[in-house]
Structures are given as structure tokens and as C-alpha cells.
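Hi everyone, thanks for coming. Have a look at the model on the screen, and then I'll walk you through it.

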Amino acid sequence: MFDKLFGRDGGRPGADPHALPAPRWQKNGMYTLRALGDARVLTLVEAATAGDWAAVKAALAPFDLGRDDRVLSELADLAGVQDWIGRAVEEDKEHRATALLISGARHVRWGWEARTSARAADVTREQWQVFHERLHIAEEQLLEAAELRPEWVTPWRRLLTSGRGTSLGPAVNETRLDAALRRDPLHLEAHVEWVSQLQPRWGGEPGEALAFAREAFAGAPDGHRLGCLIAIAHIEDWVESNRMNSLITPAIQDELLETAERSILHPAYVRRPGWQYDFNVFAMALSLASESIASPQVFRELKGAYTTWPWSYMDQPEKMYARARRNA
């Protein structure tokens with residue numbers, strides 16, 4: 001088991017020709033991952049930053065935006081995309097669905113930026129108004145994108161986010177989850193949205209999210225990144241508990257170890273652009289559980305690569321990553 005876990009069976013990944021080199025200067029031996037650590041994604045981000053729609057389309061050629069939510073997130077999270085993507089929606093009829101998807105995803109993210117991460121009671125009336133205005137635009141655009149390209153899963157994942165934000169209710173959101181999973185039964189990001197939906201702060205019951213995550217991963221093949229769902233469910237439980245040591249139990253440590261071994265540390269796991277996000281999810285969950293077997297290996301594989309999510313659940317996330325890395 002340990003040969004497989006620690007990559008001593010010849011299953012270690014080869015060099016990725018598109019991988020961006022780690023910065024030479026690193027603070028505390030860590031650096032923030034940019035553009036999913038991929039030179040092709042960096043070209044895409046630079047084109048979007050410049051508002052060059054033709055260059056964006058060219059840079060999207062290696063990717064399937066209708067299925068790859070990670071690449072879509074690079075555009076959705078990019079400030080300023082909303083300033084020019086509307087022109088592409090109106091003027092480029094051939095690629096209207098792609099432009100709608102990008103614009104809709106950006107408006108969801110832009111809406112949450114207006115709302116902020118504050119508690120609902122602390123969000124101002126003006127913030128709520130802007131939040132709902134942007135999510136309304138997102139809903140219209142994502143639904144049209146889904147209609148134009150019925151095989152795409154990513155519009156439905158983003159509609160789960162907007163549906164939760166606008167409180168459309170369980171019936172609508174369950175329909176959207178079903179739509180996503182019909183298109184990709186193992187789509188991690190759609191499952192993550194539902195783990196969030198099942199949290200008590202969104203109306204779920206304690207234990208529901210973790211049970212959902214376990215059932216979902218039970219049906220996944222070895223080496224699938226859906227194992228991250230169990231780590232995320234434990235992180236969400238930790239957030240809900242408000243207790244720093246709530247995950248430090250032998251049962252949780254064992255479950256996270258076994259899940260890591262069957263997912264990201266399995267030889268069948270494929271390191272696609274942004275694989276470091278999957279490893280950061282496990283790094284945070286394993287460190288919160290004070291797990292000592294898989295945690296050192298996960299941090300070694302990361303080689304200091306830090307992703308803002310999921311560490312943003314913590315105060316001083318970079319400091320907490322550095323501390324967890326030292327302690328692993």
C-alpha cells in the first residue's frame with residue numbers, strides 16, 4: 001500500500017510540457033499558483049485581460065469550456081471581463097454560446113463580489129440589489145447557453161451557484177443538479193455546489209453533505225478527483241462547527257487517508273491543468289485533521305504551490321498554509 005501511496009511503483013507523473021515554472025523567489029517556500037500552472041491557460045488569461053475576443057477564442061482551442069469548469073473559473077474570476085464580453089455575446093453569432101457561458105459565469109462571480117462574504121445580516125440593501133441584478137443577468141445568459149449547447153455541464157454548475165444565491169428553492173436547485181449530473185455523473189464542481197447547498201447555513205441538515213459526498217465517491221473509479229468531495233465535506237463541517245480541532249479524530253484521519261490514496265495519490269489520477277487545487281483541498285483537510293501519513297506526501301507533491309481556495313475559509317490563509325506545510 002505504501003509503495004503505491006508514495007509513488008514508488010513507477011506510477012509518478014512525467015514532466016508536463018505546458019507546466020509553468022515555479023517562481024525562483026518564494027516566501028516561506030511557497031508561491032501562489034497562477035493560470036492553473038499552465039502556459040496555455042496563461043495565454044488565455046492574458047488575452048482576456050486585454051479584452052481580445054479573437055485571441056481568447058484561439059487560446060480556448062485546447063480546452064472544452066463546456067466541461068472544464070476549472071478553465072472557465074479562470075475567466076469568471078478575472079476582473080474586467082464583464083466590460084467587454086457583452087460585445088462578444090451580441091456580435092459573434094457563431095460563438096454566442098461560448099460568450100454567454102463566460103459572461104454568465106463572470107456575472108455570478110461578480111455578483112458574489114458585490115455581496116461579499118459577510119453574513120447575510122451584515123450585507124447592505126445596496127449590496128443585495130447589485131447582487132441580485134448581476135445574478136439575474138447570469139441566469140438569463142447561462143440558461144441560453146445551456147439551450148444552445150445542451151451537452152454542456154458547466155452552465156448547470158454555475159446555475160446551481162446562482163440558484164443558491166437567489167434562494168430559488170430546493171425543487172429548482174435539485175432539477176439543476178440532475179441536469180448537471182446527467183451530462184457528467186462524476187463532475188466534481190457540480191457535486192461541490194451541492195455539498196455547499198446541504199450545509200446547515202443554507203438550510204441543510206448536519207451530516208447530509210458528508211453522506212452525499214461518500215455516496216458520490218463510492219461510485220467513482222480509482223484515481224478520480226471526485227475524492228476531493230469528501231475532503232471538502234469535512235472542511236465544510238469544520239467551518240460549521242466553529243471548533244478548530246473538530247476534525248481531529250481517528251475515524252476522520254483514516255477516512256481522509258483512504259480517500260487520498262484512492263484519488264489524488266492513486267497512480268490512475270491524471271494531473272490536468274490546476275491539479276494543485278485538488279492537492280490543496282486535501283492538504284487543508286489533512287492538516288485540520290492532524291493526519292500524519294498522507295499529509296507529508298501531499299505537501300511534497302505540491303512543492304509550495306498554494307491556491308487561495310480552500311484556504312480562504314481561514315483567517316490569514318497564506319500563513320495557515322505555510323504553517324501546515326511546516327508541520328506536515
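First, some ground rules. This is a predicted model, where local features need pLDDT of at least 70 and side-chain atom pairs count only at pLDDT 80 or more, while totals for chains, interfaces and linings use all residues. Residues are numbered from 1 along each chain as its sequence is written, and side-chain values use heavy atoms, with hydrogens and water left out.

So, pLDDT: that's the predictor's confidence in each residue, from 0 to 100. The protein averages 92, and 94% of the residues score at least 70. Over residues 1-11, though, the pLDDT is below 50. That stretch still has 21 contacts in the model beyond near neighbours in sequence, where contact means heavy atoms within 4.5 Å. Where pLDDT is low, the predicted coordinates should not be read in detail.

Okay, helices. When I say helix or strand, I mean a DSSP run, H or I with at least four residues for helices and E with at least two for strands, numbered from the N terminus. How many of the residues of α10 are buried? It's 10 of the 10, so α10 is largely enclosed by the rest of the structure. Buried here means under 20% relative accessible area, exposed means over 50%, and partly exposed is in between, using a 1.4 Å probe and protein chains only.

Two packed helices are described by the angle between their axes and the distance between the axes. The axes are lines fitted to C-alpha atoms, for helices over the stretch in contact, and the angles run from 0 to 180 degrees between N-to-C directions.

The cut-offs are: under 35 degrees is roughly parallel, over 145 roughly antiparallel, 65 to 115 roughly perpendicular, and the rest oblique. The crossing of α8 and α10 is left-handed, meaning the near helix is turned anticlockwise from the far one by less than a right angle; clockwise would be right-handed. On the α8 side you'll find Arg-157, Leu-160, Thr-161 and Arg-164, and they meet Glu-189, Ala-190, Glu-193, Trp-194, Ser-196 and Gln-197 in α10. This contact divides into three nonpolar, three polar and four charged residues. For that count, Ala, Val, Leu, Ile, Met, Phe, Trp, Tyr, Cys and Pro are nonpolar, Asp, Glu, Lys and Arg are charged, and the others, Gly among them, are polar.

Partner two is α12, residues 228-241, whose axis comes within 10 Å of the α10 axis and crosses at roughly 20 degrees. α10 and α12 are therefore roughly parallel to each other as well, but their crossing is right-handed. Here Leu-188, His-191, Val-192, Val-195 and Ser-196 of α10 touch Cys-228, Leu-229, Ile-232, Ala-233 and Glu-236 of α12. That contact splits into seven nonpolar, two polar and one charged.

Back to α8 for a second, and to Arg-157, which sits in that helix. Is Arg-157 buried or exposed? It's buried, with a relative accessible area of 13%. Leaving aside neighbours within four places in sequence, Arg-157 is in contact with Asp-69, Ser-73, His-187, Glu-189, Ala-190 and Glu-193.

Ser-167, in the loop between α8 and α9, has a positive phi of about 55 degrees although it isn't a glycine. Ser-167 is exposed, at 61% relative accessible area. Gln-316, in the loop between α16 and α17, also has a positive phi, near 50 degrees, and Gln-316 is exposed at 51%. And there's a cis peptide bond joining Trp-309 and Pro-310, with omega about 10 degrees; Pro-310 lies in α16.

Last stop is α17, residues 317-327, where the buried residues are Met-320, Tyr-321, Ala-322 and Ala-324. What covers them includes α14, α15 (294-302), β2 (305-306) and α16 (308-311). That's my tour, thanks!
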